[in-house]
Amino acid sequence: MANHLVSGLLVPDAVSGHLALELANTRAGWGSASPREYLVSYDALVVWAGDVGHLTAAETTALRRLAARSPRPADRVLRNALALRETVYRLLAAPAAAADPAAPAARPGPAGADLASLHGVAARAYRSSRLVVLSDGRVLPDGGDEVTSGLALPLHRSALAAAQLLAAGDGGHVFACAGRGCGWLFLDRAHRRRWCIMAICGNRAKAREFAARTRTRAGSLDRPGPPPHDS
Ligand SMILES: [Zn+2]
């Protein structure tokens, strides 16, 4: 978990290795009692989407202006984005496989209700889209623009990214950070990565393991030894 400031708003660092997973990482502490929320407003959603690459600078500016004029619709889009994030997380995170290279084969397949939910958003996104040719030659829907998708543009682009990750068969290469109280997702085709950020979650875990070993050693030294034998 790490973050930085953009336009005065705190946004999470993009460390997942796939644009589709960055939405899931706008919340930190999945499964914990006190998660950290980055999408605290529609403005935060747009600023995050611009920072991570879902929106151009011009789109970001246009949507921030549009939201300032239409706060209620913007709030609705934010709620839909938070719901999509839950869906994406359930579809792509596999708690049983949390960064454990031995576990991916045991992970369950995506749930039908979540796939239907993702499809609903992706279908709206597709209807607002044009097909565009990317620099690597792939042809994909663009999620629309600030006119055809309006305030929902970051939602549309996030849904399409998640659908494309699943379509590429990469769902089995997504893992949750093993750091306590983290839960950030990342793509790891080599199945070797354990942490979202080694310098943060990895080092914290190592410090905890070191402290636990030290306590165990100190405890065994404090305990009285067995009574001496008579012989
Ligand atoms: Zn982490």
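## The model and the chain

Because the model is predicted, local features need pLDDT of at least 70 and side-chain atom pairs count only at pLDDT 80 or more, while totals for chains, interfaces and linings use all residues. Residues are numbered from 1 along each chain as its sequence is written.

The secondary structure of the protein chain comes to seven helices and eight strands; helices (H or I, at least four residues) and strands (E, at least two) are DSSP runs, numbered from the N terminus. Of the 231 residues in the chain, 33% are buried, where a residue is buried if 20 or more other C-beta atoms lie within 10 Å of its own, exposed if 12 or fewer, and partly exposed in between, with C-beta atoms placed from the backbone. Among contacts between residues at least 6 apart in sequence, 59% join residues at least 24 apart, and two residues are in contact if their C-beta atoms, placed from the backbone, lie within 7 Å.

Strand β1 (residues 3–6) and strand β2 (residues 9–12) pair in the antiparallel sense over four bridges; two strands pair if DSSP finds at least two bridges between them. Val 6 stands opposite Leu 9 in β2, and the bridge partner of His 4 in β2 is Val 11.

Ser 7, in the loop between β1 and β2, has a positive phi of about 50° although Ser 7 is not a glycine. With 13 other C-beta atoms within 10 Å, Ser 7 is partly exposed.

The buried residues are Tyr 42, Leu 45, Val 46, Val 47, Trp 48, Ala 49, Gly 50, Asp 51 and Val 52, and what covers them includes β1, β2, α1 (19–22), α3, α4 and α6. After α2 comes Gly 53, whose phi is positive, near 110°.

The axes of helix α2 (residues 42–52) and helix α3 (residues 57–69) come within 9 Å and cross at roughly 175°; axes are lines fitted to C-alpha atoms, for helices over the stretch in contact, and angles run from 0 to 180 degrees between N-to-C directions. The two helices are therefore roughly antiparallel to each other, since angles under 35 degrees count as roughly parallel, over 145 as roughly antiparallel, 65 to 115 as roughly perpendicular and the rest as oblique. In this contact, Tyr 42, Asp 43, Val 46, Val 47 and Gly 50 in α2 meet Ala 57, Thr 60, Leu 63, Arg 64 and Ala 67 in α3. These residues divide into six nonpolar, two polar and two charged, where Ala, Val, Leu, Ile, Met, Phe, Trp, Tyr, Cys and Pro count as nonpolar, Asp, Glu, Lys and Arg as charged, and the others, Gly among them, as polar.

## Helix α4 against helix α6

Helix α4 (residues 71–92) and helix α6 (residues 153–167) pack at an angle of about 10°, with their axes 10 Å apart. That angle makes α4 roughly parallel to α6. On the α4 side, Val 77, Asn 80, Ala 81, Leu 84 and Val 88 meet Pro 154, Leu 155, Ser 158, Ala 159 and Ala 162 in α6. By class, this contact has eight nonpolar, two polar and no charged residues.

Pro 71 has its place in helix α4 and is exposed, with 12 other C-beta atoms within 10 Å. The C-alpha atoms of Pro 71 and Asp 43, which are 28 residues apart along the chain, are separated by 9.9 Å.

Tyr 89, also placed in helix α4, counts as buried, with 21 C-beta neighbours inside 10 Å. Not counting residues up to four places away in sequence, Tyr 89 touches Ala 24 and Trp 30; the C-alpha atoms of Tyr 89 and Trp 30 are separated by 9.2 Å, although these residues are 59 apart along the chain. In the loop between β8 (185–187) and α7 (198–222), His 191 has a positive phi of about 55° although His 191 is not a glycine, and with 15 C-beta neighbours inside 10 Å His 191 counts as partly exposed.
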